[in-house]
Amino acid sequence: MCLAIPLKIIEINGSEAVGEAMGMTRKMRIDFIENPQIGEYVIVHAGFAIERLPLQQAMDDLESWEEIRDAVTHL
């Protein structure tokens with residue numbers, strides 16, 4: 001099973017990009033995403049963006065991750 005945080009593409013340089021979520025940034029390859037755009041959300045697996053996400057799904061997923069983070073930090 002793969003658990004992934006949606007990353008918002010904030011920088012594109014050829015077939016590489018930088019994504020951001022919850023204050024962290026990660027480099028990724030974007031070879032599998034047709035015509036990727038800055039501002040889009042993607043799911044990343046093993047360093048590759050593998051799926052573009054609709055904005056609402058990305059927001060819902062990020063909200064769930066923030067709830068988990070907050071619950072764990074208050075243990």
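Start with Asp-60, which is partly exposed at a relative accessible area of 37%. The model on screen is predicted. Asp-60 sits in helix H1, which covers residues 55-73.

With Val-72 they form a nonpolar patch on the surface, and the accessible area of the three together is about 360 Å².

For a contrast in helix H1, pick Ala-58. Is Ala-58 buried or exposed? Ala-58 is buried, because its relative accessibility is 0% and the limit for that class is under 20%.

Next, select strand E4, residues 41-45. Why is E4 described as largely enclosed by the rest of the structure? Four of its five residues are buried, so the description follows from that count.

Show the strands that pair with E4. On one hand there is strand E1, residues 7-13, which runs antiparallel to E4 and is joined to it by two bridges. To locate this pairing, select Lys-8 and its bridge partner in E4, Tyr-41. On the other hand there is strand E5, residues 48-53, also antiparallel to E4, with five bridges between them. Here the pair to select is His-45 and its partner in E5, Phe-48.

Between E4 and E5 lie two residues, and the two strands form a hairpin. Select Ala-46, in the loop between E4 and E5. Its phi is near 55 degrees, a positive value in a residue other than glycine. Ala-46 counts as exposed because its relative accessibility is 67%.

The last stop is Met-22, in the loop between strand E2 (16-21) and strand E3 (24-29). Met-22 counts as partly exposed because its relative accessibility is 29%.

How values were computed. Residues are numbered from 1 along each chain as its sequence is written. This is a predicted model: local features need pLDDT of at least 70, side-chain atom pairs count only at pLDDT 80 or more; totals for chains, interfaces and linings use all residues. Side-chain values use heavy atoms; hydrogens and water are left out. Buried means under 20% relative accessible area, exposed over 50%, partly exposed in between (1.4 Å probe, protein chains only). Two strands pair if DSSP finds at least two bridges between them. Patches are made of residues with over 30% relative accessible area and no salt bridge: like charges are joined within 9 Å, nonpolar side chains (Val, Leu, Ile, Met, Phe, Trp, Tyr) within 5 Å. Accessible areas come from the Shrake-Rupley method with a 1.4 Å probe; for residues, only the protein chains shown count as cover. A salt bridge is a side-chain nitrogen of Lys or Arg within 4 Å of a carboxyl oxygen of Asp or Glu.
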